[in-house]
Amino acid sequence: MSKQPPFSSMALALILNLFMSMSLSFQVISQTNDHRLNAERSILLDLKLQLGSPPSIQSWNSSSPCDWPEIACAPLNKSVIGISLHNKNITRRIPVTLCHLLQNLKSLDLSNNYIPGGFPDILNCSKLEYLVLSHNYFTGPIPPDIRQLSSLRYLDITANHFSGDIPADVGLLQELRYLSLVRNEFNGTWPVEVGNLSNLEHLAMAYNHRPESFNNLSSLEHVDLSFNNLNGSIPGGMFMLNINLKISLLLNDNLFSGELPSKLGSNLSRVDLSNNRLSGPIPVGISYWVTVEEFKASNNMFSGNIPVALTSLPILSTLLLDGNQLSGQLPSEIISWKSLTALNLARNQLFGPIPKSICSLPELASLDLSENHLSGQLPSELGLFNPIALLNLSSNNITGKIPHQLEKPEYEGSFLNNPQLCGNLIPTVKRCSASGSGSGSHKLPAKYLAMIIAFPIVASLGIILLCNLFGVGGNRDQENNHEIELNNNHEAEQNNNHETEWKLTSFHQLNFTMDDILSSLGEDNLIGEGGCGNVYRVPVNNSREFVAVKKIRINNRKLDKNLEKQFIAEVKTLGSTRHPNIVKLLCCIASESLKLLVY
């Protein structure tokens, strides 16, 4: 009886045989892949030549196509599955052989070029999922048998010159998630079959037509029907799309008319109704738009009051209702609007005061209430807690003074055509007088004038008593001949040229020098006169800021040491005082006969 080989030897032989077979198979696959890759490289290099060898794809050479930036390859077999020629300055037609030779192609992006001709001959790209032809010069109709691209999930032909009917076969692309036909020249009706695209999430049809029914578009998240010349009332179903999704609805720049439906869905995130002919009141049902972040309805004919319900939208960031016929007063109660950054109610018929509630919105960065009939004074809260980058209150009937925080160069155009409004640093409105209205040539903000011109009352710390005791006032010509020293340990001496010795005592950090003040006490900067002396408006910090200087004169007398100590103590007390109704005393500059208090 012959001996059988050990089991281990047989197993080893089988394993070696299997290994050799697998190695041979891998070698065959590798050779096949290499052969395919070489063939596809030749196809792509030929495509480059037919496109005129644009400089933007000069990287296409003898290397592997998988290394070219515009090419995507499958990870396993290295076949070409994607071509992106976005913005490559291509001006020639796409060769008809493209999909005949690249049969694994899944993605083709030809956007932002100058490609002429009809719809590319790519219908035999049966695996194509992503097709972008936007912003080119394509013309003619969409092929009626486009259904051959049965795997297509994304189709964008925006901004071309496609024309004719939209083929019914578009409605047979059941895998379609994204469809944009914006800005073309279609002149036929919208096929009913498109309403059956149950997987469609994004529908953009601007500059075209609208579908007759949205009932079966259960996955829609974005609807753009803008710039379509659509007329009649807006179908109520447009606001009641899939309640399980947040939907962006763009119906702007059409001819829609009539009122908004009383029932409005609660799943909208962005609504644009601008530039239509919609009328009537804004429905109270708008309070259900709890997920809306943007509501734009500019340039319509909405009328009536702004409903308080509109102020309840918790995440609303942009509200544009300019160019309507809204009337009544602005809502005095704001229920929410904690996220509102832009509010535009310009060109309506609103009247009454601007409520403090609007001025105190924490995130407000843009406010336009121009061309209404608003009246009353500006709330002091406006721009105080949150600087407003864009402010327009022009062409109203606002009165009183501009709050000091708004007296900045960036607001010069914010208050035009308000005849009863005044300011001190805004050149486009009249100047405020010391009494709070009227005009003048060089005026300070209201609180500065009130505190400085009436300084003996405001600075009740004793300055008025000193002014009266020492005969403050009198002849201005004697100022340079009779001087007093603020420091009681130093007595100034005049030289033969009657030059003055000055001493500066600061109470805060200063951004100016003593010479900046002394050189600016001329008639050009004089803004007021009082019982204790004159008040000047002095530019500092390269004229970007101003300080007020109160000049106190002593009439031919010197302070004795005790009264001089009392004056120093009173000034230091005022310099250290912190109170919202008392202007900050920055420093005191003194000589024998003059004292300058700088605010």
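**Sheet.** I began with a sheet: 3 strands form it, open, in the order S5-S7-S9, with parallel pairing. I took helices (H or I, at least four residues) and strands (E, at least two) as DSSP runs, numbered from the N terminus. Two strands pair if DSSP finds at least two bridges between them. The edge strands are S5 (139-140) and S9 (185-186), each pairing on one side only. S5 is joined to S7 (residues 161-164) by 2 bridges. I looked up Thr139 and found His161 as its bridge partner in S7.

**Ground rules.** This is a predicted model, so I note that local features need pLDDT of at least 70, side-chain atom pairs count only at pLDDT 80 or more, and totals for chains, interfaces and linings use all residues. Residues are numbered from 1 along each chain as its sequence is written, and side-chain values use heavy atoms, with hydrogens and water left out.

**Salt bridges.** I applied this test: a side-chain nitrogen of Lys or Arg within 4 Å of a carboxyl oxygen of Asp or Glu. The structure holds 7. One of them pairs Glu70 with Lys88 at 3.2 Å, N to O. Glu70 sits in the loop between helix H1 (7-50) and strand S1 (71-73), and Lys88 in the loop between strand S2 (80-84) and helix H2 (98-101), 18 residues apart. Both residues are buried. For burial I used relative accessible area: buried is under 20%, exposed over 50%, partly exposed in between (1.4 Å probe, protein chains only).

Next I checked Arg347 and Asp322, whose closest N and O atoms are 3.1 Å apart. Arg347 lies in the loop between S21 (342-344) and S22 (349-352), Asp322 in the loop between S19 (318-320) and S20 (325-329), so the pair ties together parts 25 residues apart in sequence. Arg347 is partly exposed at 34%, while Asp322 is buried at 10%.

I also found a network of salt bridges linking Arg270, Glu294 and Lys296.

**Disulfides.** My criterion was a pair of cysteine sulfur atoms within 2.5 Å. The whole structure gives 3. Cys66 joins Cys73, S to S 2.2 Å. The torsion about that S-S bond is about -100°, so this disulfide is left-handed. Cys99 and Cys125 have their sulfur atoms 1.3 Å apart. Their link is left-handed, with -90° about the S-S bond. Cys422 joins Cys432 at 1.9 Å. That link is right-handed, with 100° about the S-S bond. Both Cys422 and Cys432 are buried.

Cys587 is in no disulfide; the nearest cysteine sulfur, that of Cys588, is 7.4 Å away. Cys587 is buried at 0%.
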